[in-house]
Amino acid sequence: MKNLITLLLLVTANILFSQTGKIYPKNNTIIAGEINTFIYEPPNDINIPVESYVTVIHHRQKTTVPLVNTNNKYQFSVEITNAMNIIVMAVFDKDKKLIDNNQKKGYVINIVYETDNEKALAKIDYLDNLNAFMYFLQLEPQYEERIKKYEEAYSLNPDLKTGGSYIGYLYAKYKFSSYSTEPEILKHIDYLRMQDDEQSLIYAMQLNEIMGRVDESKKIQQLIILKHPKGITAKNRYISTFYASKDKTEDSIFASLQEYTTKFNDSISLEADVFHLALLKLILEKRDTLILSSYEDKIKESLYTAIAYNDYAWELSGGDLTSVGEDLSFAKYISKKALDITKDAMEHPEEHGGYDVKDNYNNYADTYALILYKLKVYNLAFSYQDEVRKQNGLDKGGKERYAAIAEKAKGLKFAKDYLEEQLTAGVDSKIMMNQLEDIYQKLKLSETKFNVLKETSVKLATEKSQKEIIEMYGQLNAANFNLVNLEGETVKLSDYKGKIVVLDFWATWCGPCRAAFPNMQKLVKKYANDPVKFFFINTSERGEKEDIKKNVAKLIAKDNYKFNVLFDFDNKVAENYKVKLIPMKIVINKKGEIISVNSTEDNLDALIRENIN
């Protein structure tokens, strides 16, 4: 057991891989259940901005804390609970741009335990959750190092070489050297298939998927459902089929819920929320506030409700500054409910798995502020958007909305100062630049001064954007791909050099993706006769290929979108383009170089116009 008073630490911090960067506890000890202070010594070649933050991953949770410069030493404080066995960290600036993640390996602190078994369990727990660490801290897999850590754990406790951890170990070995590892994996698959329990068969199914043996994986799935008709695999299969079905009605949803409850004797798990969420979404489309609450109360995890409310509110808002929006009063009502639910979750995290939902709250406050702005409730809109700003929760689109709201709520001078601050800091936004130019004209300020500022800003933004793109992709040139579109034709990106190309990554289940479609349709129509091509890359879908095609075709036809939809069935193109969240829009110039990642629809328009000639 961990010592409940003081936890002595082995400060690995991955110093083996670091040049000079270090993170270590201030007094070389950590006291469980208290706020503990850590010292950060950055590498010599890294400059730390005034407002910087440390993201700490621990016990499957994420915490972001400010980095403070005290007496020429950087330090930060975070609460360490007795449940933690390892923490992984990286440093970001106020705009959530990565500053230092220890050469993509993360700063790692392992807790020293009293027994070898506890040490081994800590290593396995870290490795089993490494994917979450990688996503938040922008780490690279480091498969060879992962293999070593697994083997260190197994040497401390050979009994751990079973179950899920061994699947993770085999996965790392396969990714590191697939050819030499195949016999070991196949042998383990045979062993797992001989077991009678469902979990062993699930592991066998997963290993086949790792090796790309899709048909074998499907055979095992069928075997699992046959042998365990009321198990988790059968349950998930039922839910996936329900989720993928279209044209749901209240009657059909209730019938599916009844069948699910009877078949699996399950009416209380979070999986059952899928059915109640489907009902909630139907009521949202009817916009009936009288019965909305009764459906809302059926959902056990209220954060799911908040997601549904925010997605639909964002869709009704139009998703940008210029569109009129639809039924804004109802959008305001459900947007505020999403905010209230999430605020309560922030105050009572223990009731929601302990997850940090600050980012969710910031996103929902951004939605609410946009709706208030369109309702001309400018001061209240600004108060919410400014709250997000203070939490460093504004992305580029959020900053564009902040500037527009600020002009209405705080006046031209306030908005001018904010715009100049952002643009001279390298924010690449045509919307903000156009707004600033308009303010200069309204205030009758020097045109020469604006032009100098614009030239400086554009140069800085271009350099910054190119640097970020190279850091992200290793080069400016867009990766080529061959994908089949909705009409069955093969589209090859390299065939479109000499044209501007916009890639829009999306999925049918993604509310914000669909909310952006009306504005994207306007752009498609506007540039129909220009050297501009739009490709809507459908990715991250669940189900069989033919079912995905049918669902996509139905959605596109429903609103008569004139989109060239491409299918990224195996998510390989999304992986190549580092798509972490959707929607994500990438602009490629006529030379085949990436010039923008994740622009807003309004900013896309200005960017396309600028690059056509």
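Residues are numbered from 1 along each chain as its sequence is written, and side-chain values use heavy atoms, with hydrogens and water left out. Because the model is predicted, local features need a pLDDT of at least 70 and side-chain atom pairs count only at pLDDT 80 or more, while totals for chains, interfaces and linings use all residues.

The pLDDT, which is the predictor's confidence in each residue on a scale from 0 to 100, averages 86 over the chain, and 95% of the residues score at least 70. Over residues 1-19 the pLDDT is below 50, and this stretch has 57 contacts in the model beyond near neighbours in sequence, where a contact means heavy atoms within 4.5 Å.

A search of the whole structure finds 34 aromatic pairs. Rings of Phe, Tyr and Trp (for Trp, its six-membered ring) pair if their centres lie within 6.5 Å, and planes under 30 degrees apart count as stacked, over 60 as edge-to-face and the rest as tilted. One of these pairs is formed by F382 and Y402, whose ring centres are 5.3 Å apart and whose planes stand at 45 degrees, so the pair is tilted. Because F382 belongs to helix α15 (residues 378-390) and Y402 to helix α16 (residues 396-410), this pair ties together parts that are 20 residues apart in sequence; helices here are DSSP runs (H or I, at least four residues), as are strands (E, at least two), and they are numbered from the N terminus. F382 and Y402 are both buried, a word that stands for under 20% relative accessible area, with exposed meaning over 50% and partly exposed in between (1.4 Å probe, protein chains only).

A further pair is formed by F517 and F563, with ring centres 5.1 Å apart and planes at 80 degrees, so the arrangement is edge-to-face. This pair links distant parts of the chain, since F517 sits in helix α20 (residues 511-526) and F563 in the loop between α21 (545-558) and β15 (565-568), 46 residues apart. F517 counts as buried at 1% relative accessibility, and F563 is buried as well, with a relative accessible area of 9%.

Aromatic residues also gather in a group, for Y238, F242, Y260, F264 and F275 form one aromatic cluster. Over the face of F242 lies K248, at 5.2 Å from the ring centre; a charge sits over a ring if NZ of Lys or CZ of Arg is within 6 Å of the ring centre and within 35 degrees of the ring normal. Another lysine, K235, lies in helix α8 (residues 232-244) and is buried, with a relative accessible area of 14%. Not counting residues up to four places away in sequence, K235 touches Y260, F264, D266 and E271.

Turning to charged pairs, the whole structure holds 30 salt bridges, each being a side-chain nitrogen of Lys or Arg within 4 Å of a carboxyl oxygen of Asp or Glu. One of them joins K374 and D320 (3.9 Å, N to O), and because K374 lies in helix α14 (residues 358-374) and D320 in the loop between α12 (302-317) and α13 (328-347), the pair ties together parts that are 54 residues apart in sequence. Both of these residues, K374 and D320, are buried.

Within helix α15, D386 and R389 lie three residues apart, about one turn of the helix, and their side chains meet in a salt bridge (2.7 Å, N to O). D386 counts as buried at 12% relative accessibility, whereas R389 is partly exposed, with a relative accessible area of 33%.

Two bridges join β15 to strand β11 (residues 482-485), and the two run antiparallel, whereas strand β14 (residues 532-539) pairs with β15 in the parallel sense over four bridges; strands pair if DSSP finds at least two bridges between them.
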